[in-house]
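Let's walk through this protein together, starting with its aromatic rings and ending with a few individual residues. Keep the 3D view open as you read.

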Amino acid sequence: MCGIGGLIDYANDTHQYQPVAAAMRRTLAPRGPDAEGEFCSADVLLVHRRLIVIDPAGGTQPMHSPDGNTMLIYNGELYNTPELRQTLTAHGHVFRGHSDTEVLLHAFLEWGTDAFSRLNGIFAFAIWQQAERRLILCRDRLGVKPLFYAHTADGLAFGSTIDTVLCHPAVQPEVDEDGLRALLLLGPARPPAYGIFRQIRSLLPGHYAVLTPEAYADHIYWQLEAHEHPDDLETTIAHTHELICDAAARQLVSDVPLACFLSGGLDSSILSMLTAQHCAARGESLHTWSVDYQDNDKYFTKSNFQPNSDNQYIQLMADTLHTIHHNVVIEPASLCAALLPAAEARGLPGMADVDSSLLLFCAAVKQSGTTVCLSGECADELFGGYPWYHREEILFEDTFPWSRSIGLRLGLLSPGLIQNGEEFVREHYLSTCRRAPKLSTDSRRDARMREMFVLNLDWFMATLLDRKDRMSMYSGLEVRVPFCDHRIVEYAYNMPWAFKALDGREKGIVRKAFEHELPEEIVRRKKSPYPKTFHPVYTQLCADYVRRIFADSDSPAAQLFSRTAVESLMAQPESLTEPWYGQLMRTPQIFAYIIQLDHWFRHYKVQLV
C-alpha cells in the first residue's frame, strides 16, 4: 500500500507549489515509509509515498507510460494481476517488472476507463494525461482504500488522507452546519461523500472522476444489482466456499512477510486456516496476532453484543493451525493516550478506543517486522452477522440500527446547538434505503434485508474500513480484507435470507461452508465483535480527561456538549442501555469521543462556519 496526493492548477504553473508538495509527502509518510516520488509540470503536481510489498525495483512511482504522456500514482493491490498481465501481453504490451502498478497502467493504456471494471482489488489512484491535460481519479468498488478531494478556483487537490488535501492553501479547515451535524449525530460514521470539512469530499466507492480544463464529471463503473438468486442451497454453500477461498488465495501474494489477525471468531479463523495452509505448502509457519487488554479476564462483562471473550478460542485456533501466535496486551493509560494520535490518523474523531487500540495493535505488529496482514472485516455486513439483522424490534425500526437514539445524542449537546438534527439524519437514512436495488417479487422481509445490506455497506462497513485503513497505515502496515472481494458482495446481496441465516444462525451459510475444516467450537461460536477494555481505570481516565476539557473555557468540546448532561452520565454510566454507536461504544467511549473531538478541533484549528 501507499499514499497518493496531488493538485491540478490550470491557471498557474504548479512549480510554485513545491512547499505544498513537501507538506503532502509528510502527511503520507506513515502510509509509505519505504520510498517517495514526485512529478511536476505546468498543470499538475503528483506526489507518492510507497510501502513496498511487491517488486521493489519495478514498482517505482509516479509510473510513466512508454511514450511519457500518461502518469500513474497508485495506492492499493490488484488481486487479478496475473490474468490481466496475460491478456495485455497477448495484446502486445511489454512489461519491465512484475508489479501490479505496471499492470494497472498498461490496462488503462489498452482499455481506457473501461479497464476499471476489469480490476479485482483494493485501490485508489490518479492518472494524469499530459497532452490531454486530463486527470482521472478512481476508487475501488467497496471503498477499502480512501480518496479525498477538494475543488479549488482553477483545479483540484486530492489525496489518500484528509490532511493531504488540507495542505493546499485554498482548502481551509472549516466545518459548516452539515459537517457539525454529521460529527455529532452520525459520528463516527460520515456520509459517504463527505470529508466533514466543508470543502473536502470523498470519491464514492465504485466511482471514477474526470477533470479537464472545461469540466469535472463523476462516473459510476460499478454498483449493486438485484436479481434472482440462481442456485439451490447445496450449490450456494459450495459457491460461497469457493469464492471465499479464491479471494483469500489471491490476497496471499506478497514479497514481504505476511501474517493474520486472529480473534477466534469464524471469519478470522477461516482466513488464518487458509493462510496457514498456504504457508505450510511453502514450508513456512504462519504468524497470527490478537489484541487484549490488561485485566480483561477480571473485568470482562457479557452482553447481547459481546457474549464471550476471545482468549480460549484464539488459543484453540493457534493450537489447531500450529501458528506462531502473538498476543498484544494494552493497558488503560496507553489506550487513553492513544486516542489523540488515533484521531490524527483518521483525520476525524473516530471509534474512540476501538480506534486507539487498533492503532497500538498495528504498531506492535509492524514493529515485529510484519508488513502485510489479513483480517476478517466485512463478513458480518454481507452475511448477516450483526444482532440488528436478527432482532425483530431493530430490523424493522425505521432508522440506522447501530445508532438508534438521536434523542440521546441531542440530550448530551449544548441546547440549541443543532437545528433540524432529526431531519438531517433521517434524510441520510432514507436516501440510503432508496439506493438499495430491489425486485418486484421481494417480500417485505426480503426488501428490508436489501435495505439493511446497503445501509451496512455504505455506512457501518465504511466506518470499519476507514478505521482499519487509517489505524494500520499509520504504522505502514498493510491490512487486506478478503471478504470485501466484490464477487462475494454481489453473490451475497442476492442470496435468500434463509440461506444466509441457515439453521437460524448469523452467517449460517459461511458456518456451513467451512464446518468440516474448523473446530466445532469455532463453527458454533456466537458472533462477538472486536474486543474492548472493561477496565474501570480506563473509564476513570477518560472521565477525568473530560472534566479537564470542561474546566477549560477555551475548549471546543466544552462549547458543544452540555456539562450537566455529561456529568449525569458520569454519575450513572449504566444508564446508557443501548450502545451509543455500533456494538461497543457505550459510556466510556462517549467520553473518549468527546476527547477525540476536542483534540481534533485543536489539532486542525477547525473553524465553524
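Rings of Phe, Tyr and Trp (its six-membered ring) count as an aromatic pair if their centres lie within 6.5 Å; planes under 30 degrees apart make the pair stacked, over 60 edge-to-face, and the rest tilted. With that rule, the structure holds 24 aromatic pairs. One of them joins Y389 and W497, a stacked pair with 5.8 Å centre to centre and 20° between the planes. Y389 lies in helix α14 (residues 387–390) and W497 in helix α20 (residues 497–500), so this pair ties together parts that are 108 residues apart in sequence. Y389 and W497 are both buried, where buried means under 20% relative accessible area, exposed over 50%, and partly exposed in between (1.4 Å probe, protein chains only).

Next, look at F453 and Y493. Their ring centres are 5.0 Å apart and their planes stand at 75°, so the pair is edge-to-face. This pair also links distant parts of the chain, with F453 in helix α18 (residues 444–473) and Y493 in helix α19 (residues 486–493), 40 residues apart. F453 counts as buried because its relative accessibility is 1%, and Y493 is buried with a relative accessible area of 4%. Elsewhere, Y386, W388, F400, W402, Y429, W459, F460 and Y581 form one aromatic cluster.

A word on the origin of these values: this is a predicted model, in which local features need pLDDT of at least 70 and side-chain atom pairs count only at pLDDT 80 or more, while totals for chains, interfaces and linings use all residues. Residues are numbered from 1 along each chain as its sequence is written, and side-chain values use heavy atoms, with hydrogens and water left out.

Now step back to the whole fold. The protein has 26 helices and 19 strands; these are DSSP runs numbered from the N terminus, with helices being H or I of at least four residues and strands E of at least two. How does the radius of gyration fit a compact globule? For 609 residues, such a globule would have a value near 25 Å, and the protein has 24 Å, which agrees. (The radius is taken over C-alpha atoms, and the globule rule is 2.2 Å times the number of residues to the power 0.38.) The C-alpha atoms fill a box of roughly 65 × 60 × 55 Å along the principal axes. Of the 609 residues, 63% are buried. Contact means heavy atoms within 4.5 Å, and among contacts between residues at least 6 apart in sequence, 73% join residues at least 24 apart.

Let's finish with some local packing. In helix α1 (residues 18–28), the buried residues are V20, A21, A23, M24, R25 and L28. They pack against β1 (2–9), β2 (35–40), β3 (44–50), β9 (155–159) and α4 (162–166).

H106 sits in helix α3 (residues 100–111) and is buried, with a relative accessible area of 6%. Leaving out residues up to four places away in sequence, H106 touches P66, L88, H93, V94 and F95.

T587 belongs to helix α26 (residues 587–604) and is buried at a relative accessible area of 3%. Apart from neighbours within four places in sequence, T587 is in contact with L569, P573 and L576. From T587 to E574 there are 13 residues in sequence and 7.6 Å in space, C-alpha to C-alpha.
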